[in-house]
Amino acid sequence: MSGNSCAVFPFGWLSSPRRVRDVTSLHSRSPEVCLVFPGHLFFLSRSVNACVDVVLSGVKLLEALGLEPSDGKNHAVLHSRQDLREAFAHFMERGAAAERFFSDAEAFRDIARTASEHPAAQLYVGGNAALIGQKLATNPDLKILLCGPVGPKLHELLDDNVVVPPESMQERDEFHLILEYQAGEQWGRVRAPAANRFIFSHDLSNGALNMLEVFVSSLDEFQPDLVVLSGLHMMEGQSKEMRQRRLMEAVASISDIPTDIPIHLELASMTDQDFMSNIMHQQVFPLVNSIGLNEQELLFLTQAASGPHASLASWSGIPDVGVVSDILFWLLKEHGRTAERASDLTRIHFHTLAYHILATVDGHWGNQAAAVAAGARAAGTQACATDTIDATKVFLKAPLEFVTSHTEAPAKISLNPDEPVVQWHREGISFHFTPVLVCKDPVRTVGLGDAISAEGLFYSEVYPQ
């Protein structure tokens, strides 16, 4: 990467009112945001979850399993096909992403066999760790070390720039089932308000973080410039005793990573508030420099720790920007670096369907306007499976006006097409906001959050301390 290379991000769609459907003419005369690389080559190390994703229509799989539509019901853990049917309906009705552990190994194998043999099924690299590594590996200047349970099929799917240590290889792949649905799709009385996916697995290797020690021991030889961790959510399939033990061992291993190597933690869907509280308070958050999450994970965090807006049971439509901003501010103030607290956490990359926000403690990160814009661009192009934003295939869903807080004296912001990345400050914390061009008919929803975080990290610059 060179310091003067530039990727162009067209933003003319911001000048179009939401009711205007044809944004092509505005797009053609749009101003442009130059996304400048920080100007350094880096090696990335990734741990710890990796698998093969079996992606197909959720409705088609449930029909193939002979399951009739039913009322939705949330389940923290899936124990049966009935639980699967109810949980899928619950999240499809809300258009929300979710991930669950399926406890019955034999039942899961039967379902996985039906899914993988379905004519519409597609196999991809899966797991947050492998997905971010695979996304970044498309740049020829990057080398990726992936430490996770890698079976023969996953190894075949990985990019040549992804290095897998021999200790990470195993005889059998771990499979995750990705049940997708489209906006407006119906299953019985359930109608999806937005395109999304429901994920489930019986994954014991990733759940036990089996490759964590292999990962840390590989760092001396690989000498990465950045470490990205994920997979803590997979531990929910373990017993509470096992979870607690492995979490403490994970903390010890993360503590062994040299302090001059920035660490990003990618969160994912969780259901156990006590476990999330342990992750926050038992020294995981203070050991990482950056966190990536979506609206479900952000709300779950504040509920688990009784933070701001914790009484909010769920989001109603597009998450309120002021509410999101308050929770991000609280996370960095309560768990991030301050003059009184020796925490490394200084950056949070929040992404939801309609917009993204990068919140950073001042003085630690640069190029964040480009980083948040790059993440938004990745969301639009990957969902539509296009190399560039095609104005005919996307629409604007973000609010054109919003307030920046509901707990402090707020600023009211109106989006300006000439300045598509909006910035505001609050007590030493900077916020960068940008809308997303939402794909009308997404080709694939799984892995969007990982692609967003990957692009945001790729364009970020860490200031040496």
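Me: How do β23 and β24 pair, parallel or antiparallel?
Reply: In this predicted model, β23 (residues 422-426) and β24 (residues 429-435) pair in the antiparallel sense, over five bridges.

Me: Which residue in β24 is the bridge partner of Gln423?
Reply: His432.

Me: And what's in the turn of that hairpin?
Reply: Two residues sit between the strands, and Glu427 in this hairpin has a positive phi near 50 degrees.

Me: Where else is phi positive in a residue other than glycine?
Reply: His309 is one of them, with phi near 60 degrees. His309 is in the loop between α11 (295-304) and α12. Ala385 also has a positive phi near 60 degrees, and Ala385 lies in the loop between α13 and β20 (394-396).

Me: Is Ala385 buried or exposed?
Reply: Exposed, because its relative accessible area is 55% and the cut-off for exposed is over 50%.

Me: And why does His309 count as partly exposed?
Reply: Because its relative accessible area is 23%, which falls between the buried limit of under 20% and the exposed limit of over 50%.

Me: Switching to cysteines. How many disulfides are there in the whole structure?
Reply: One disulfide is found. Cys384 and Cys439 form it, with their sulfur atoms 2.0 Å apart. Cys384 is in helix α13 (residues 368-384) and Cys439 is in strand β25 (residues 437-439), so the pair links distant parts of the chain, 55 residues apart.

Me: What's the handedness of the link between Cys384 and Cys439?
Reply: Right-handed, with 120 degrees about the S-S bond.

Me: Are Cys384 and Cys439 buried or exposed?
Reply: Cys384 is buried, and Cys439 is buried as well.

Me: What about Cys51 and Cys147, why do they count as buried?
Reply: Cys51 counts as buried because its relative accessibility is 1%. Cys147 counts as buried because its relative accessibility is 0%. The limit for buried is under 20%.

Me: Next, the core. How many residues has the largest nonpolar one?
Reply: The largest nonpolar core has 66 residues, and Phe285 and Ile357 have the most contacts inside it. Helix α12 (residues 321-335) gives the largest share of this core, nine residues.

Me: What is Phe285 in contact with, leaving aside its neighbours within four places in sequence?
Reply: Its contacts include Leu265, Leu267, Ile279, Met280, Ile291 and Leu301. Leu331, His335, Ser343 and Leu345 are also in contact with Phe285.

Me: What's in the second core?
Reply: The second core is separate and has 31 residues, among them Leu62, Leu179, Ala192 and Phe198.

Me: Why do nonpolar side chains end up together like that?
Reply: In soluble globular proteins, nonpolar side chains tend to be buried together.

Me: Now the whole chain. How many helices and strands?
Reply: The chain has 14 helices and 26 strands.

Me: What percentage of the residues is buried?
Reply: Of the 465 residues in the chain, 61% are buried.

Me: And how much of the contact count is between residues 24 or more positions apart?
Reply: They make up 73% of the contacts with a separation of 6 or more.

Me: Last one: what does the accessible surface come to?
Reply: About 18,600 Å², with 48% of it belonging to carbon and sulfur atoms.

Notes:
Residues are numbered from 1 along each chain as its sequence is written. This is a predicted model: local features need pLDDT of at least 70, side-chain atom pairs count only at pLDDT 80 or more; totals for chains, interfaces and linings use all residues. Side-chain values use heavy atoms; hydrogens and water are left out. Helices (H or I, at least four residues) and strands (E, at least two) are DSSP runs, numbered from the N terminus. Buried means under 20% relative accessible area, exposed over 50%, partly exposed in between (1.4 Å probe, protein chains only). Contact means heavy atoms within 4.5 Å. Accessible areas come from the Shrake-Rupley method with a 1.4 Å probe; for residues, only the protein chains shown count as cover. A disulfide is a pair of cysteine sulfur atoms within 2.5 Å. A nonpolar core is a set of buried Ala, Val, Leu, Ile, Met, Phe, Trp, Tyr and Cys residues joined through side-chain atoms within 4.5 Å. Two strands pair if DSSP finds at least two bridges between them.
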